[in-house]
Amino acid sequence: MHYKSLLPQVVLSAIAMILSTNMAKAQTDYSHYYVNTPVKLEQPTLPTIPNLTVSITDFGAKGDGQTLNTEAFEKAIAHLTEKGGGHLTIPAGIWLTGPIELKSNIDLHLERQALLYFSPDKSLYLVPKGKSSRVYPGIRANDVHDVSITGEGIIDGNGAQWRPVKRSKVSDTEWKEFKAMGGIEKQNGSLWYPWQMKSGIKDIAASPEAQEKMRNDLIRIVNCQRLLIKGVTVQNSPKFHVHPFNSTDVIIDGITVRCPWNAQNGDAIDISDCHRCLIVNSTVDAGDDGLCMKSGAAKPTNLVNGCQDILIEANTVYHAHGGFVIGSESISGMNRIVVRNCRFAGTDTGLRFKSGIGRGGKTSDIYINDIMMTDIKDEAIIFQCDYVNKPAGSAAEKEVKAETEIPEFADIHISNVVCRTAKRAISAHGIANHRCVYGITINNCTFTDMLSDNDIDTATTEITIK
């Protein structure tokens, strides 16, 4: 054997190993996104998952679309937790299940042909009495750390079994299809509820209105540290789709979120009171807000309060009420948020800042640049300080008389936006006798084919346009 003849093969093997290692590092290293940010952002830390892999089939699950696998998921996650964590693989199949609770150091990995399908049986999601007015989300994690949901599979929330439907938002054909499922019409036929369905699925509340208020998110992560959601498709949620809440170190990479354009409260990605969050390479086509930042009242039991150190880059939003949204709740504040290199094609509004008395807080160091928009139904950029939430089937919220938690949209800098076709480029209205919209700069932007002029109330807003 001539060692000289082996040398090229050895070198090639070494090169292949180096390339493989570098590719693996590139897939998990997000530091390049943080180069040349207009404000210094703290970078999130990836979760750590032990190198142990099991399949859901090891615990008796069947991907036949009819076997209920809730218990199998509970057993698999309990097993991995006992071992210190690991990867739970969901292979090809349709995996019917009730709610799933993730624990620390667990990765839920869906292979490409895997479809995780949540059961229409509402009773499976009931929370023990007195603990919540809603039900368990499809996937939840509470007060844990190092959690991930990865792969190329689909997570389907079966949301049509939960959501009310407004007659004004569907065609005659679609309306007949909903009525054929059973349900009940309310408000002189203007609203349909999934109630007393022909499928025989039992209701879990005393009235359709009460049941509507119980519907929950598809993925809800609360008070957690180090979360990664990567590659999966999340669709058809009863309410919000992906909802990290009071958590730190959140990375959302390359996911697809989709639901019918008229899905009630069908928010795609809602970041509520999170610190160090990265959203990249993702695609949204949803029934409500697309990429949305929310912040509620501060509580000492929360891991963190307010939204801080958020980077949103290289995402595409098709239908949504807003492409990028702050509000309506911003009570604990929004600080150091960068949105750049995103595309909005067909959203109702482009950049949407919405709040109202009783919901508002202060923003600072918000930078938005290099946004491309087409076919925007209403405003490309809107500041609204009189927003009132109006759930389906109920009157608007009672007017807040005490002037507390006033919206304060400040220190927001928008540049290099190109928008073709919208109702108008900019709409901005504050609140009389309050400084609600100020320190806003809009620079080097192009708006083409607007249907009407800007609507800016100069008496209640301070906006510099160059």
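Thr97 stands opposite Phe118 in strand β7. Strand β7 covers residues 114–118 and is joined to β4 by five bridges. The two strands run parallel. Strand β4 also pairs with β2, which spans residues 64–68. That pairing is again in the parallel sense and rests on two bridges. Within it, Asp64 has Ile94 of β4 as its bridge partner. Strand β4 itself comprises residues 93–97. Four of its five residues are buried, so the strand is largely enclosed by the rest of the structure. Strands of a sheet pair through backbone hydrogen bonds, either parallel or antiparallel.

The average pLDDT of the protein is 92. A score of at least 70 is reached by 91% of the residues. Residues 1–26 stay under 50. For this stretch the model has one contact beyond four places in sequence. Where pLDDT is low, the predicted coordinates should not be read in detail.

An antiparallel arrangement is found in an open sheet of three strands. The strand order is β11-β13-β12. Strands β11 (165–166) and β12 (184–186) form the edges, and each pairs on one side only. Strand β13 consists of residues 191–193 and is joined to β12 by three bridges. These two strands run antiparallel. Lys186 stands opposite Leu191 of β13. A helix accompanies the sheet. Helix α3, residues 172–180, lies across β11, β12 and β13. The helix runs at about 35 degrees to β13.

His243 is located in strand β17, which spans residues 242–245. Its relative accessibility is 4%, so His243 counts as buried. The side chains of His243 and Asp217 are joined by a polar contact of 2.8 Å. Beyond its neighbours within four places in sequence, His243 touches Asp217, Ile219, Arg220, Ile221, Asp270 and Ser272.

Thr248 is found in strand β18, residues 248–253. With a relative accessible area of 6%, Thr248 is buried. When neighbours within four places in sequence are left aside, its contacts include Cys224, Gln225, Arg226 and Leu227. His275, Arg276, Leu303 and Val304 are also in contact with Thr248.

Cysteines were examined next. The structure holds zero disulfides. Cys224, a contact of Thr248, is in no disulfide. The nearest cysteine sulfur to Cys224 is that of Cys274, 9.6 Å away. A disulfide requires cysteine sulfur atoms within 2.5 Å, so a separation of 9.6 Å rules out this pair. Cys224 has a relative accessible area of 3% and is buried. Cys445 is likewise in no disulfide. For Cys445, the nearest cysteine sulfur belongs to Cys419, at 10 Å. Cys445 counts as partly exposed, at 22% relative accessibility.

Most residues other than glycine have a negative phi, and most peptide bonds are trans. Gly327 and Ser328, however, are joined by a cis peptide bond. Omega at this bond is about 10 degrees. Ser328 is placed in strand β26, residues 322–330.

Positive phi values occur at two asparagines. Phi of Asn158 is near 55 degrees. Asn158 sits in the loop between β10 (154–156) and β11. At 6% relative accessibility, Asn158 counts as buried. Phi of Asn341 is also near 55 degrees, a positive value in a residue other than glycine. Asn341 lies in a strand, β27, which covers residues 334–345. Its relative accessible area is 38%, so Asn341 is partly exposed.

Note on methods. Residues numbered from 1 in each chain as written. Predicted model: local features only at pLDDT ≥ 70, side-chain atom pairs only at ≥ 80, totals over all residues. Heavy atoms only, no water. Pairing = 2+ DSSP bridges. Contact = heavy atoms within 4.5 Å. Axes fitted to C-alpha atoms, helices over the stretch in contact; angles between N-to-C directions. Buried < 20%, exposed > 50% of the residue type's maximum accessible area, 1.4 Å probe, protein only. Polar contact = N/O pair within 3.5 Å; in protein donor to acceptor, adjacent residues only side chain to side chain. pLDDT = per-residue confidence, 0-100.
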